[in-house]
Amino acid sequence: MFEVRIHGRGGQGVVTAAELLAQAAFDEGRWAQAFPSFGSERMGAPVVSFCRIDDHEIRTREPVVAPDALIVGDPTLLHQVDVFGGCKPDGFILINSARSLDELGLAEFAEGFRRERMLTLPAAEIAREHTGRAVANATLLGGFAAMTGWISLDAVARAIRGRFAGAVGERNVAAAGAARDFVEAELLELSGASPA
Amino acid sequence: MLRQLEGSRAVAEAVALCRPEVICAYPISPQTHIVENLSQLVKSGELSPCEFVNVESEFAAMSVAIGASATGARAYTATASQGLLYMAEALYNASGLGLPIVMTVANRAIGAPINIWNDHSDSMSQRDCGWIQLYAETNQEALDLHIQAFRLAEQLSTPVMVCMDGFILTHAVERVEMPDQESVDAFLPAFAPRQVLDPDEPVSIGAMVGPEAFMEVKYLAHAKQMHALELIPEIAADFKEAFGRDSGGLISSYRTDDAETVVVALGSVLGTIKDTIDELREQGVPIGAVAIKSFRPFPLQDVREALGHAQRVVVLEKALAVGVGGIVSANVRMALAGIQLHGYTVIAGLGGRAITKDSLRGLFADAVADRLEPLSFLDMDWDLVNGELARMRASAASGPHAENILRDVGTVAAGPV
């Protein structure tokens with residue numbers, strides 16, 4: 001079982017992100033469960049959502065306490081909420097920020113994780129460029145697909161189009177693709193190879 | 001068709017497949033998505049003929065359902081928490097009149113303190129109102145139970161509540177098999193009302209009954225539920241034949257054949273319980289679970305047969321009967337009358353507190369070693385409780401409990417009251 005936890009703020013599409021991820025996994029023939037951690041349902045309040053993916057029926061209903069992958073949709077949460085709680089040393093962490101881990105003050109913390117599995121992605125900037133809005137949920141999923149390999153970009157794109165018809169869907173698919181490219185380039189650089 | 005859907009959407013579509021003619025509802029979390037989806041299906045004409053009545057309260061919702069059902073319309077509503085309490089008087093009327101209304105309860109805690117999260121306090125508070133109560137373990141089962149509920153309700157002419165855990169199921173997006181209209185039509189015949197208000201042939205429904213016959217009329221509701229003990233498994237068997245799935249029934253047992261310890265629960269927590277049981281089984285612990293699917297009527301005989309051979313029974317409950325402890329436990333004990341075994345009541349998950357595998361592992365280990373108290377509270381923070389009890393002892397004007405405890409937790413940053 002692969003367990004994902006997504007942190008963000010109300011209005012950033014955190015719940016939708018988990019649902020899109022589950023839809024994409026379902027589309028690939030797997031079992032998936034997405035659910036929100038509801039609380040203060042208001043714009044700007046910290047929100048958490050969860051997604052589980054497996055090859056068989058998922059029965060457990062507990063919140064994801066030890067995620068295999070973590071998406072932080074809003075970097076202002078980093079020093080406000082215990083977003084990294086339960087993270088595994090070999091787990092994936094993707095942070096929506098145009099700044100580096102060093103600049104975010106996470107250099108020391110990152111030493112406990114595999115370098116190619118803890119990345120920042122300027123998802124808000126990419127989303128704004130492609131969609132005109134800084135809502136980065138679909139964009140983050142593009143980066144997530146590239147970083148983890150747990151889901152294909154095609155499946156993510158189908159999930160986005162299924163949820164958002166017409167131009168809105170297409171723009172978000174483009175943003176997810178750009179995020180995929182960004183993360184792939186980052187991974188290539190980290191592997192020591194020179195970019196093509 | 002296999003689809004990935006939010007639980008609320010799945011239930012709304014299943015209800016629509018049952019062709020209700022009147023839907024009346026007042027929105028309340030976590031039920032809202034169900035009725036929102038249904039209102040859209042009515043507005044778009046996908047569900048037709050059907051009238052969606054926006055009412056001004058839950059009391060009105062149930063009253064409209066009563067009126068609609070009495071005219072021979074298939075009627076549906078949904079609610080939760082305080083909404084269910086607000087319609088309490090009308091609930092008794094629906095069952096006393098023998099009207100086959102189907103209602104979803106998206107289970108949620110009851111205030112005060114106000115809390116929107118899941119537990120079973122709401123439906124458990126109405127366990128004796130004469131409605132049949134079915135509890136869904138998964139969204140697939142929630143969907144399936146609604147289709148079964150209309151048939152059960154109409155066959156008996158008695159109302160049925162389908163209870164599903166608020167947020168945990170209603171807001172979970174997962175895989176469901178959605179039946180097609182033709183199969184549901186074949187499974188669920190058109191509503192043939194036992195009694196009907198018709199201006200062309202006027203009758204009255206709801207006569208006053210004095211001491212000379214009140215007990216007899218009341219007994220009929222009980223007789224119907226005793227009949228339901230036979231019908232529920234029959235309908236579940238028919239459902240399996242038509243749709244190929246095990247859904248509903250009175251109870252279901254999981255790895256209980258050689259189990260010395262059996263955990264009893266209702267609803268979605270059974271998924272987490274089963275995963276925990278699998279882990280313990282790998283370590284050689286003989287433990288199993290029994291899911292109670294029908295809480296009203298309570299299947300005394302089936303529960304007795306499923307639990308009678310165990311050495312100990314742990315009833316995990318998402319509601320608290322203040323002043324005594326367990327509600328489900330009391331019924332389980334009645335089923336086990338005369339049988340000697342260790343019985344434990346565990347109150348868990350009140351107000352949405354997560355029930356984790358970690359906590360269940362510890363709980364079951366304590367149970368197997370007979371280290372549990374007869375009544376215990378899973379993951380209770382006793383420091384918080386004792387802190388407030390100490391304040392109460394220290395001062396007769398110690399202030400409101402909720403605010404005091406939230407201050408201890410650090411949620412409320414205010415100074416002294």
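Where is B:P113 found in chain B?

Reply: B:P113 is found in a loop of chain B, between strand 5 (102–107) and helix 6 (121–125). Helices (H or I, at least four residues) and strands (E, at least two) are DSSP runs, numbered from the N terminus. This is a predicted model, in which local features need pLDDT of at least 70 and side-chain atom pairs count only at pLDDT 80 or more, while totals for chains, interfaces and linings use all residues. Residues are numbered from 1 along each chain as its sequence is written, and chains are lettered from A and ligands numbered from 1 in the order in which they are written.

The peptide bond that joins B:A112 to B:P113 is cis, with omega about -5°. Chain B also has a cis bond between B:S48 and B:P49, where omega is about 0°. B:P49 sits in a loop as well, the one between helix 2 (32–43) and strand 3 (51–54) of chain B. Most peptide bonds are trans, and most residues other than glycine have a negative phi.

B:F167 has a phi near 65°, a positive value in a residue other than glycine. B:F167 belongs to the loop between strand 7 (160–165) and strand 8 of chain B. B:D379 also has a positive phi, near 60°, and is not a glycine. The loop that holds B:D379 runs between strand 15 (375–377) and helix 14 (382–394) of chain B.

Burial can be stated for both of these. A residue is buried if 20 or more other C-beta atoms lie within 10 Å of its own, exposed if 12 or fewer, and partly exposed in between, with C-beta atoms placed from the backbone. B:F167 has 22 C-beta neighbours inside 10 Å, so B:F167 counts as buried. B:D379 has 14 inside 10 Å and therefore counts as partly exposed. B:A223, which lies in helix 9 (residues 214–243) of chain B, counts as exposed because it has 12 C-beta neighbours inside 10 Å. The C-alpha atom of B:A223 is 28 Å from that of B:A242, a residue 19 places away along the chain.

A strand residue gives another case. B:V346 lies in strand 14 (residues 342–347) of chain B, and B:V346 is buried because 27 other C-beta atoms lie within 10 Å. Two residues are in contact if their C-beta atoms lie within 7 Å. Not counting residues up to four places away in sequence, B:V346 touches B:V314, B:V315, B:L316, B:E317, B:L363, B:S376 and B:L378. From B:V346 to B:S294 the C-alpha distance is 20 Å, and the two are 52 residues apart in sequence.

Helix 11 (residues 300–307) of chain B has B:D302, B:V303, B:A306 and B:L307 as its buried residues. Seen down the axis of helix 11 of chain B, these fall within an arc of 115°, so they line one face of the helix. That arc is taken from the directions from the helix axis to the C-beta atoms. The buried residues of helix 11 pack against several elements of chain B, among them strand 9 (251–254), strand 10 (261–265) and helix 12 (328–335).

Chain B also meets chain A: 18 residues of chain B are in contact with 17 residues of chain A. On the chain B side, strand 8 (173–177) and helix 10 (269–282) are the elements that give two or more residues. Helix 10 of chain B gives the largest share, 5 residues.

Last comes confidence, given as pLDDT, which is the predictor's confidence in each residue, from 0 to 100. Chain B has a mean pLDDT of 96, and 99% of its residues reach 70 or more. For chain A the mean is 94, with 96% of its residues at 70 or more. Within chain A, confidence is lowest in helix 2 (residues 107–110), at a mean of 93, and highest in strand 4 (residues 69–72), at 98. The complex as a whole is given an ipTM of 0.93 and a pTM of 0.96 by the predictor. Where pLDDT is low, the predicted coordinates should not be read in detail.
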